[in-house]
Amino acid sequence: SQELIELSEKLGAHNYQPLDVVLTRGEGVWVWDVEGRKYLDCLSAYSALNQGHNHPRIVAALVEQAQRLSLTSRAFRNDQLALFYRDLVELTGYDMVLPMNTGAEAVETALKVARKWAYTVKGVPLNQAEIITAEGNFHGRTITIISFSTEPQYKEEFGPHTPGFVSVPYGDAAAIEAAITPNTAAVLLEPIQGEAGVVVPPDGYLKQVREICDEHNVLFIADEIQTGLGRTGKLFACEHEGVRPDVMVLGKALSGGLYPVSVVLASQDILGILQPGDHGSTFGGNPLGAAVARAALRVIQDENLIENAAEMGEYFREHLEEINGPHIDHVRGRGLLIGVVLREQAGGARRFAEALQARGILAKETHENVLRFAPPLIIDRETIDWAMPIIRDVLLMP
């Protein structure tokens, strides 16, 4: 491990600060490092591994498709993409699908669609469209996306920034309504802010946002890249309030961690405005990604991962809430997206993540004082029972 860590530090850009564990194999909820030590994965690659590591059904789909046809570009059609569209439409109820690769690409796509919709449907003057975003958001790392970040490190030295975005406090529906102008095209939100520290908005917030968008003819875009596909105990986190966004952005677990696949979902009235040449991607919609994503979606449904996330998430969270330690302020989250918020005097969440690593559990700090637990949705009660004494001991350490 040490040799590989030193090589990485010498040759790689230092744009991450990973825990010093070098992983070489994964199966289900478990991973192994190069020395053979076994760990429980409680991060799931930021929720990309909802189905667990190397799920055999998804691996089989990847191998089978890779042996037949991996890439056609969108210059030609392939026999997997239309079936991927069909599976997503049947599962989600949206009319149309636009496939991309990464989550950030899908967010950029949704922003472009919202702007074109504003000009061609709503009648906003050209180049005057505004999109309302929330403070504390994390939607990706592109120049445009960091332009509406409120995290100084993400944006300060990367300007000039893309105009056209208005930021309001997260969880404050009245602030969204106050920010709407005749030029407002869309409101872009995460139903739970993952990178901000698993921030759950007040009850009724999403429903209020939906009503405000309807009243003012504004699109509601939900970024469910991290929260979607079962993570919170519902297919989508917006479903906890019975809300259906106009535009849905998905990624991460859409491929079960085996290949980058993302999509934008919307109605025909919205996505149907795009014309050939308006947008595209060489790899977006490739047959390998489509076949993998189809298998990943089937696993979520066939293995009842949504129901398991709800049940095991409640069980996990209840046990965390029982830990009455001086470092813990509170526990928050939904399903198997859980944040343990630590008090300022706890010395930061990083030391707790490192202590857990030393005892065979991989979790990760976020925003300094939050320790995030987000294991694969296949986790069972027995595994949680194994982990909890370790987690309790670490959270109670001096």
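This is a predicted model: local features need pLDDT of at least 70, side-chain atom pairs count only at pLDDT 80 or more; totals for chains, interfaces and linings use all residues.
User: What's the relative accessible area of Glu314?
Analyst: Glu314 comes out at 44%, so it is partly exposed. Buried means under 20% relative accessible area, exposed over 50%, partly exposed in between (1.4 Å probe, protein chains only).

User: Where is Glu314 placed?
Analyst: In helix α12. Helices (H or I, at least four residues) and strands (E, at least two) are DSSP runs, numbered from the N terminus.

User: What about Glu322, buried or exposed?
Analyst: Glu322 is exposed, at 57% relative accessible area. Its place is the loop between α12 (305-321) and β11 (328-334).

User: New topic. How many salt bridges are there in the whole structure?
Analyst: The search finds 19. The criterion is a side-chain nitrogen of Lys or Arg within 4 Å of a carboxyl oxygen of Asp or Glu.

User: Which residue does Arg381 meet in a salt bridge?
Analyst: Glu311, at 3.2 Å, N to O. Arg381 sits in helix α14 (residues 381-395) and Glu311 in helix α12, so the pair ties together parts that are 70 residues apart in sequence. Both ends are partly exposed: Arg381 at 37%, Glu311 at 44%.

User: And Arg334, which partner?
Analyst: Asp203, with the closest N and O atoms 3.6 Å apart. Arg334 is in strand β11, while Asp203 is in the loop between β7 (184-189) and α9, so this pair ties together parts 131 residues apart in sequence. Asp203 counts as exposed, at 69%.

User: What does Glu27 pair with?
Analyst: Arg25, at 3.7 Å between the closest N and O atoms. Glu27 is partly exposed at 48%, and Arg25 is partly exposed at 45%.

User: Which residues are linked in a network?
Analyst: Arg350, Glu354, Lys364 and Glu365, through salt bridges.

User: What is the nearest opposite charge to Arg231?
Analyst: Asp41, but its side chain is 8.2 Å away. Arg231 is buried and has no salt bridge. For charges, Lys and Arg count as positive and Asp and Glu as negative; His and chain ends are left out.

User: So what does the Arg231 side chain reach?
Analyst: The backbone oxygen of Leu336, at 2.7 Å. A polar contact of 3.2 Å also joins the side chains of Arg231 and Ser47. Such a contact is an N or O pair within 3.5 Å; within protein, one donates a hydrogen and the other accepts, and sequence neighbours count only through side-chain atoms on both sides. Arg231 lies in the loop between β8 and β9 (247-250).

User: Backbone next. Which peptide bond is cis?
Analyst: Gly159 to Pro160, with omega near 5°. Pro160 is in the loop between α7 (152-155) and β6 (165-168). Most peptide bonds are trans.

User: What is phi at Asn217?
Analyst: Near 55°, a positive value in a non-glycine residue. Asn217 lies in the loop between α9 (205-216) and β8 (219-223), and is partly exposed at 40%.

User: And at Glu368, what is phi?
Analyst: About 70°, positive although Glu368 is not a glycine. The residue is in the loop between β14 (364-366) and β15 (370-373). Glu368 is exposed, at 59%.

How values were computed
Residues are numbered from 1 along each chain as its sequence is written. Side-chain values use heavy atoms; hydrogens and water are left out.
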